[in-house]
Amino acid sequence: MSEIESFWERLNSLIKKMNTTQNAISVQCGFNPRRLQNLSAGNRLPDCFEAVAIAKALHTTVEYLVTGEQVKQDNSESIELLKKVIEKLS
């Protein structure tokens, strides 16, 4: 399976999990309703700006759509900062 096919497989899997359609996601992203269908049928990828909008609409990351890997975020700095703020407020 090509990387492009994998992208569309992941995208369609997320769309199915959200119980929606390519058309609905296209509209949510501000695209022509058939934009995702046209890209998928032509075996083409969206441009970077479209990919960001699609990822946001599907509550995922562009990295996941492209590679299938989730980004691991290190939230330890944010957690420590929140702890300090909470201490000061207490």
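## Helix α4 and its buried side

Which residues of helix α4 (residues 48–57) are buried? In this predicted model, the answer is Glu 50, Ala 51, Ile 54, Ala 55 and Ala 57. These residues lie on the same side of α4, because they cover an arc of only 160 degrees around the axis.

Now look at the opposite face. Turned away from the buried side of α4 are the exposed residues Cys 48, Phe 49 and Lys 56.

## What covers the helix

If you follow the chain in your viewer, several helices come up around α4. The cover over its buried residues includes α1 (3–17), α2 (22–28), α3 (35–41) and α5 (62–67).

Cys 29 is worth a look too: leaving aside residues up to four places away in sequence, Cys 29 touches Ala 53, Ile 54 and Ala 57.

## The two ends of α4

At the start of the helix, Asp 47 has a side-chain oxygen within 3.0 Å of the backbone nitrogen of Phe 49. Just after α4, His 59 has a positive phi of about 55 degrees.

## The nonpolar core

The largest nonpolar core has 16 residues, and those touching the most other members are Trp 8, Leu 11, Ile 25, Cys 29, Ile 54, Leu 58 and Leu 65. Two or more residues come from each of α1, α3, α4 and α5, with α1 giving the largest share, five residues.

Methods
Residues are numbered from 1 along each chain as its sequence is written. This is a predicted model: local features need pLDDT of at least 70, side-chain atom pairs count only at pLDDT 80 or more; totals for chains, interfaces and linings use all residues. Side-chain values use heavy atoms; hydrogens and water are left out. Buried means under 20% relative accessible area, exposed over 50%, partly exposed in between (1.4 Å probe, protein chains only). Helices (H or I, at least four residues) and strands (E, at least two) are DSSP runs, numbered from the N terminus. The arc is that of the directions from the helix axis to the C-beta atoms. Contact means heavy atoms within 4.5 Å. A polar contact is a pair of N or O atoms within 3.5 Å; within protein, one must be able to donate a hydrogen and the other to accept it, and residues adjacent in sequence count only if both atoms are side-chain atoms. A nonpolar core is a set of buried Ala, Val, Leu, Ile, Met, Phe, Trp, Tyr and Cys residues joined through side-chain atoms within 4.5 Å.
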